[in-house]
Structure formats: structure tokens, C-alpha cells
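Below is a short report on selected features of one protein model.

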Amino acid sequence: MIFQTQNEIVKVLSDPAFYGVQNPVVVKQSHISWLFLTDVYAYKLKRAVLYPNVDFSTPEKRRLACVSEMKRSTVYAPHLIEGIVSVRRLKNGQIVLGGRQGEEVDTVLKMRRIPDDCLVENMIENGTFDRFEAMDMAEQLADLHAKAQTFHHKWGPEELKRIILEIESISSLFCADLFDKKHLDSWTKRCLDNVNAHAALIQFRQKAGHVRKCHGELLLSNIAFEDGHFLFFSPVEYNEALDKTDTLYDLANLTMDLEYRGLRRLANILFNHYMAYTNDMAGFPLMSLYQSVRAMRRAHVWAKKTTILKGISRRQAIREARGYFDLACHFMTPFRPILIACGGLSGSGKSRVAREIGGLMNPAPGAVIVRDDIVRKQILGLKPEQTLDPTYATPAFEKVVYDVLRQQARAALAQGSCVIIDALFYNSVEREAAKFLSKEANVPFVGLWMEAPLEERTRRVEKRLRNPSDVRRECELVSQLNLKTGRITWHRISTAGAKEETIRQVVRILKKYLKGDLKAVKE
């Protein structure tokens with residue numbers, strides 16, 4: 001509901017002459033705000049609206065929302081906000097920004113305009129955002145979550161149910177024109193059933209400190225990359241129920257947005273790298289639910305935009321609303337999981353194969369990848385980039401590592417996720433144990449053994465970047481040649497050729513195993 005007209009203010013802020021510039025002012029709008037972009041600055045005006053979860057109905061409430069966003073931006077996007085500026089009407093009726101004369105009628109946030117080529121959604125389109133950028137983003141987000149304030153009495157099953165029912169209530173208003181009512185009812189039931197099924201896990205995460213002060217609106221359109229750091233701008237400032245949440249609910253917004261844009265590979269890399277730094281795999285069973293709720297929320301946000309846009313913009317909003325609606329329903333569709341084991345000596349390419357096929361698997365954000373190099377360091381409380389003390393290289397410690405790998409894989413399989421175990425697997429006992437795990441879980445098993453010549457493996461390990469493996473020298477590879485691997489019965493994959501050909505080999509193998517079942521491999 002719109003409480004008062006802001007047409008005059010919008011008209012003034014859209015005029016280049018108002019700022020003394022010649023280039024046109026770029027005007028962007030959402031259902032809750034306008035953004036006016038000049039060459040150097042951006043001005044954000046809150047809409048005078050009242051929705052179930054947004055109350056900007058008075059100038060005072062809009063001013064407080066600006067104050068809240070400015071404070072929150074110091075955490076997620078330092079130095080972005082220039083200040084809060086009052087919108088004033090002089091006695092002669094003229095609208096001005098700042099000063100002390102006249103009546104204060106509204107408030108805007110004045111921000112430094114971020115260069116277009118620094119916006120992540122533009123970087124993706126231009127091909128300048130790929131694997132390492134996704135890893136950087138995961139690390140920075142994990143660090144922000146680790147430092148965020150903890151809440152032990154927020155979120156929880158009942159709060160999540162309330163959000164689902166609120167989204168359903170708002171979305172149902174658009175069923176006549178945009179959404180299918182039966183599908184919406186089915187989505188609501190599946191989500192509520194999922195909350196009930198995982199109520200104990202949600203409560204455990206609440207008590208264990210995973211409910212924190214989060215960004216709340218992590219979308220690619222709200223992220224920029226500048227001077228080697230990500231700026232997560234436009235954090236939620238209007239509803240504390242949307243930012244005091246499970247950290248995985250925050251992450252789910254990002255992986256959902258990447259999925260919507262057809263970027264499952266990057267979503268999978270970001271997700272698994274985030275897990276490498278947080279060791280939060282126990283929360284994975286909630287990811288499909290969280291992503292689905294996030295997608296349905298985007299659907300009703302775009303649905304609201306259809307009421308304020310016209311022409312081509314409105315038709316685009318309709319497509320977006322329906323697209324997110326379909327995605328939300330898709331997230332709640334069960335898929336048959338599969339267990340894949342990627343083995344091979346160091347430098348053979350097993351981790352690269354795991355990374356590249358992880359994003360081909362359903363459900364989103366793709367396969368859970370559990371890697372021996374990561375687990376070794378998680379057990380000892382180390383970060384992936386830290387070097388492991390070589391005194392831990394003992395058979396006893398390795399047995400613990402493989403036990404943990406199977407525990408993580410077992411938990412993810414039980415929740416319907418495809419799993420890739422990325423490990424050396426030089427020991428036939430461990431290879432058999434991985435296969436037995438698939439029988440326990442009653443899922444297909446695919447064992448892949450990667451091979452490459454010693455000179456190729458040496459070249460790879462010596463040029464490794466951002467790799468948790470501590471193997472870096474040829475002498476370490478030569479020593480592995482003495483390992484007694486026993487008879488290899490897994491599919492042997494030569495990785496000496498182009499990466500694309502290697503992946504095609506693997507995908508052909510996976511499709512043979514899945515046959516006519518609910519496909520875990522995207523076509």
C-alpha cells in the first residue's frame with residue numbers, strides 16, 4: 001500500500017540540472033525504493049509504502065531506515081555511504097537537498113556511485129567473475145558471518161514458518177494474474193513439512209550460535225568488487241526478522257541467485273569453499289528449503305513491481321516473478337542422490353574433476369564435495385591455506401580422515417544430496433569402504449580413478465594456486481609411486497588432455513549409472 005505521493009521529489013531527483021550535471025540521471029526502482037545515479041553519487045529514496053514486512057509509511061520511519069542502512073553498511077560496504085541528507089521544501093515550494101531552511105519532507109541516502117564494471121552482476125556478464133572470485137567471496141562472507149553478533153533466541157522453526165506463511169499470503173494475491181494457486185499451495189505444504197522434519201536441526205543451530213546478524217539481502221545485484229574486496233551493499237534495514245537469521249539462510253540467497261542465472265558451477269564452488277572455511281556441513285539438509293523460500297520471496301518482490309511498472313518493464317517483471325516462482329517449486333522437488341568417489345595420486349586432476357562435475361548435479365547448489373585435504377585441516381582447526389605439520393602424516397591419522405569423510409558423505413546422502421568424495425584413495429580398503437557406504441545409503445556408486453603422466457602431475461602441483469593440498473614438489477609425487485594401490489576396479493580416466501574432454505568422459509559415465517531415474521545430472 002502506498003501512503004503518500006512522492007512524485008514531485010522523484011521528478012526533481014531525476015533531473016540532471018538539479019545536481020548541476022549534464023549526463024542523464026539513471027533511475028532504478030524497486031517495490032520499496034528509488035535509486036538515482038549521477039556520474040559520481042547515488043541517492044536512495046525509500047518509498048512511502050506499508051507492506052506486511054516493510055513500514056516506510058511516514059517520513060520519520062523512512063529517515064530511521066536510512067540511519068539503519070548507513071550503520072549496517074559500515075560492516076558490509078565500508079566507505080560507501082557519504083551520509084544522510086534531508087529532502088526539504090522551501091517556502092517558495094522548491095525542493096532542495098540538505099541545509100536547514102524549509103520543511104523536511106523526506107530523507108535520502110547519499111552514496112558513492114560504484115563503477116558499473118565493479119558490480120558483480122556486470123562482472124559475470126563480462127566474464128571477469130569466475131572460480132577464484134567465487135572463492136574470494138565465500139571466504140569474505142564466511143569471515144563476516146564468523147564475526148557477526150549471535151542471537152540464541154531468534155529465528156527458529158516457528159519464525160521460519162511465519163515467514164513461509166507470510167510469503168504465501170502475499171504471493172496468493174497475485175495468483176489470478178501470475179502464479180498457479182495449486183502450485184503455491186503445494187509449495188507451502190512442502191516447506192512447512194520440511195520445517196517440521198528439520199525442527200530439531202533448526203533449533204540446534206539456533207542454540208549452537210548459527211543464528212547471527214546477517215546481511216539479509218545477499219543478491220548479485222547488491223555486491224561489488226573493488227580494490228580486492230567485496231562490498232555487500234544494501235543490507236536489510238527494514239525488518240529485523242530478515243537479518244537475524246541462520247547464516248546458511250544468508251548464503252542460500254546467493255546460491256539461489258546464481259542458480260536463477262544459470263550459474264550452478266559458480267554456486268557450487270562458492271558453497272563448497274564456504275563450507276571449507278566454516279565446517280558447517282551439518283546444516284546442509286536445510287539448503288533446499290532455504291533456497292526455495294528465498295526464491296519465492298524474490299517471486300513476490302517482482303510480483304509487487306508489476307503493480308508499479310508499465311510497458312516493457314512490467315512485462316520483464318512478470319517474467320522474473322514467474323521464473324523465481326518456478327525455481328522455488330523446483331528447489332522442493334526431490335532428486336535421487338548418487339555417491340561419486342574421485343581418486344588418484346596427487347596432481348592427477350581428481351579435485352579439478354570433482355569441482356567441474358559438482359555443479360552438474362542436482363539438487364542445487366550441486367554436489368557436496370568432501371575432500372581429504374580440507375578434512376585433515378578441519379580436524380586440526382586449520383584454515384585450508386595453512387600448512388599441515390608433517391608429523392600428522394601417519395596411518396592412524398589418515399584413518400580418522402577417511403572416517404570423517406564418510407561421516408560427512410553419509411549425512412549429506414541421507415538428506416538427498418549428491419556427494420563427491422575427493423581423496424587419494426590409494427588404499428583398496430578405503431575404496432571398498434566408499435562403495436559400501438553407497439550400499440548403506442541405497443544410492444548408485446561411481447568410482448573414478450584419475451591418471452596422468454608424472455611430468456604432467458609435476459607441472460600441475462608446482463603451479464597450484466589457492467589449493468589446500470600441501471603437495472607442491474616433484475619428490476613428493478615420486479614417493480607416491482611406491483604406494484601399493486592394489487587392483488584399480490574404478491573407471492580409469494586419463495586427465496592428460498583438455499579439461500573439457502575429461503569432463504565429457506566423466507559425464508558419459510555418470511549418465512550410464514543414472515539411466516531413467518530422476519536425473520542427478522543436468523542435461
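The model is predicted, so local features need pLDDT of at least 70 and side-chain atom pairs count only at pLDDT 80 or more, while totals for chains, interfaces and linings use all residues. Residues are numbered from 1 along each chain as its sequence is written, and side-chain values use heavy atoms, with hydrogens and water left out.

**Strands**

Helices (H or I, at least four residues) and strands (E, at least two) are DSSP runs, numbered from the N terminus.

Buried means under 20% relative accessible area, exposed over 50%, and partly exposed in between (1.4 Å probe, protein chains only).

**Nonpolar cores**

A nonpolar core is a set of buried Ala, Val, Leu, Ile, Met, Phe, Trp, Tyr and Cys residues joined through side-chain atoms within 4.5 Å. The largest one has 100 residues, of which Trp187, Tyr290 and Ile421 touch the most other members. Helix H11 (residues 287–305) gives the most to this core, with nine residues. A second, separate core of 21 residues includes Cys342, Ile357, Ile369 and Leu510.

Contact means heavy atoms within 4.5 Å. Leaving out residues up to four places away in sequence, Trp187 touches several residues, among them Ile164, Ile167, Val293 and Met296.

**Asp257**

Asp257 is in helix H9 (residues 247–260). The residue is buried, with a relative accessible area of 1%. Beyond its neighbours within four places in sequence, Asp257 contacts Leu219, Leu220, Ser221 and Tyr324.

**Surface patch**

On the surface, Ile379, Leu380, Tyr392 and Val400 form a nonpolar patch with about 290 Å² of accessible area together. Patch residues have over 30% relative accessible area and no salt bridge; like charges are joined within 9 Å, and nonpolar side chains (Val, Leu, Ile, Met, Phe, Trp, Tyr) within 5 Å. A salt bridge is a side-chain nitrogen of Lys or Arg within 4 Å of a carboxyl oxygen of Asp or Glu. Accessible areas come from the Shrake-Rupley method with a 1.4 Å probe; for residues, only the protein chains shown count as cover. Val400 lies in helix H15 (residues 395–414) and is partly exposed, with a relative accessible area of 38%.
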